[in-house]
Amino acid sequence: MRFLSSLAVAGLSLGSALAASWGFEDATLTVSSKGAGVGSSGVKEKLTPNSPLTSYAVTLPAADTLKIVLTATEGKSGKRPHQAFLTLHDTATGLEESFPFSLKDSGKGKVEVTQKDLPYQLLTSKTPLKASLVLASFGSSTPYASHAFDLALELDTTAPPATPPASERYTSKPEIHHIFKAEPGSPLKIISFFFTLCVLATVPVLFGAWALLGANVDHLSKAFGAAPVSHGLFMGSVMAMEGVFFMYYTSWNLFQMLPVAAVVGTVAYVSGSRALTEVQDRRIAGER
């Protein structure tokens with residue numbers, strides 16, 4: 001009885017081990033042109049997990065596409081693995097490149113490869129590339145990784161692959177000399193002089209407009225007598241602001257002008273509000 005029980009346990013363990021292995025089924029390899037069926041190479045083969053295609057090397061012309069369609073399985077049921085790749089390996093240099101399968105949850109998927117997808121080192125290989133299929137996932141299931149076929153590349157003789165640039169090495173580089181843009185200069189003096197005259201020409205127009213509107217200069221003494229500090233600071237701040245702009249135009253930069261303009265502007269705001277309060281009081285009293 002103990003012998004039969006041990007035999008049953010061993011059989012169940014063997015069955016579980018066989019069931020917990022990744023593989024594939026219904027795998028088809030084709031080489032086809034874009035928008036056509038089987039391409040100029042006439043390749044259409046069935047792939048099996050335990051019998052690689054070793055009778056000949058599959059040829060991939062420059063304008064064709066290698067396509068593999070399969071159903072990934074875990075045990076006997078179709079399932080999507082965490083990793084599924086077609087790996088091309090150059091036995092002469094040891095270099096390889098992997099191409100992931102596009103898979104559904106049922107395990108059905110495909111991968112397509114053209115010569116444009118291959119790096120220069122594989123395109124210039126003198127021997128056929130070893131193509132392997134890799135299927136694996138999390139858990140205790142045994143992954144699948146095995147040689148499936150050999151791939152020979154038929155390059156386009158009229159357009160050889162372009163040689164990639166040399167790899168950048170981490171070495172000392174030439175010294176970088178920063179060339180800053182020259183500071184903006186002032187406009188021509190004749191232009192500045194012309195616009196200055198234009199501004200000065202408006203001053204008589206301004207005084208003439210005040211006279212037409214009935215400006216009363218007789219109240220200057222009253223205004224300065226009632227609020228001399230406010231009116232004096234306000235008029236002085238207006239003239240000081242013009243001086244600030246003049247200095248900014250001739251020699252100051254923005255960082256020199258802004259603090260001074262902030263101080264003068266604050267004085268103009270405070271003194272101007274007090275001066276306008278005094279003017280309002282005279283208007284309320286009927287004086288103009």
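Trainee: What should I know before I start?

Mentor: It's a predicted model, where local features need pLDDT of at least 70, side-chain atom pairs count only at pLDDT 80 or more, and totals for chains, interfaces and linings use all residues. Residues are numbered from 1 along each chain as its sequence is written, and side-chain values use heavy atoms, with hydrogens and water left out.

Trainee: Let's start with the sheet. What is the order of its strands?

Mentor: First, the general idea: strands (E, at least two residues) and helices (H or I, at least four) are DSSP runs, numbered from the N terminus. Two strands pair if DSSP finds at least two bridges between them. Here, five strands form an open sheet in the order E3-E11-E10-E6-E7, and the pairing is mixed. At the edges sit strand E3 (53–61) and strand E7 (96–100), each pairing on one side only. On average, neighbouring strands of this sheet are turned by 30° against each other, direction ignored; the axes behind that angle are lines fitted to C-alpha atoms, for helices over the stretch in contact, and angles run from 0 to 180 degrees between N-to-C directions.

Trainee: How many bridges join E6 to E10?

Mentor: Seven, between strand E6 (residues 83–89) and strand E10 (residues 129–136), and the two run antiparallel. For one example to click on, Thr87 has Ser132 in E10 as its bridge partner.

Trainee: Now salt bridges. How many does a search of the whole structure find?

Mentor: A salt bridge means a side-chain nitrogen of Lys or Arg within 4 Å of a carboxyl oxygen of Asp or Glu. The search finds five. One of them pairs Asp150 with Lys130, with the closest N and O atoms 3.3 Å apart. That pair links distant parts of the chain, 20 residues apart: Asp150 is in strand E11 (residues 144–154) and Lys130 in strand E10.

Trainee: Is Asp150 buried or exposed?

Mentor: The cut-offs are simple: buried is under 20% relative accessible area, exposed is over 50%, and partly exposed is in between (1.4 Å probe, protein chains only). Asp150 counts as buried because its relative accessible area is 15%. Lys130, at 32%, counts as partly exposed.

Trainee: Which residue forms a salt bridge with Glu278?

Mentor: Arg282, with the closest N and O atoms 2.7 Å apart. Both lie in helix H6 (residues 254–284), four residues apart, about one turn of the helix. Glu278 is buried at 8% relative accessibility, and Arg282 is buried at 14%.

Trainee: Which residues make the nonpolar surface patch?

Mentor: Patches are made of residues with over 30% relative accessible area and no salt bridge; like charges are joined within 9 Å, and nonpolar side chains (Val, Leu, Ile, Met, Phe, Trp, Tyr) within 5 Å. Areas come from the Shrake-Rupley method with a 1.4 Å probe, and for residues only the protein chains shown count as cover. This patch covers about 1,200 Å², and its members include Leu188, Phe194, Val203 and Trp210. Val203 sits in helix H3 (residues 189–212) and is partly exposed, at 36% relative accessible area.

Trainee: Which residues does UniProt list for "transmembrane region"?

Mentor: The unreviewed UniProt entry lists 190–213, 225–248 and 254–272. UniProt positions use the numbering here, feature names are shortened, and annotations may be inferred rather than shown by experiment. In the model, residues 190–213 are 96% helix and 0% strand, with end C-alpha atoms 35 Å apart. Residues 254–272 are 100% helix and 0% strand, with end C-alpha atoms 25 Å apart.
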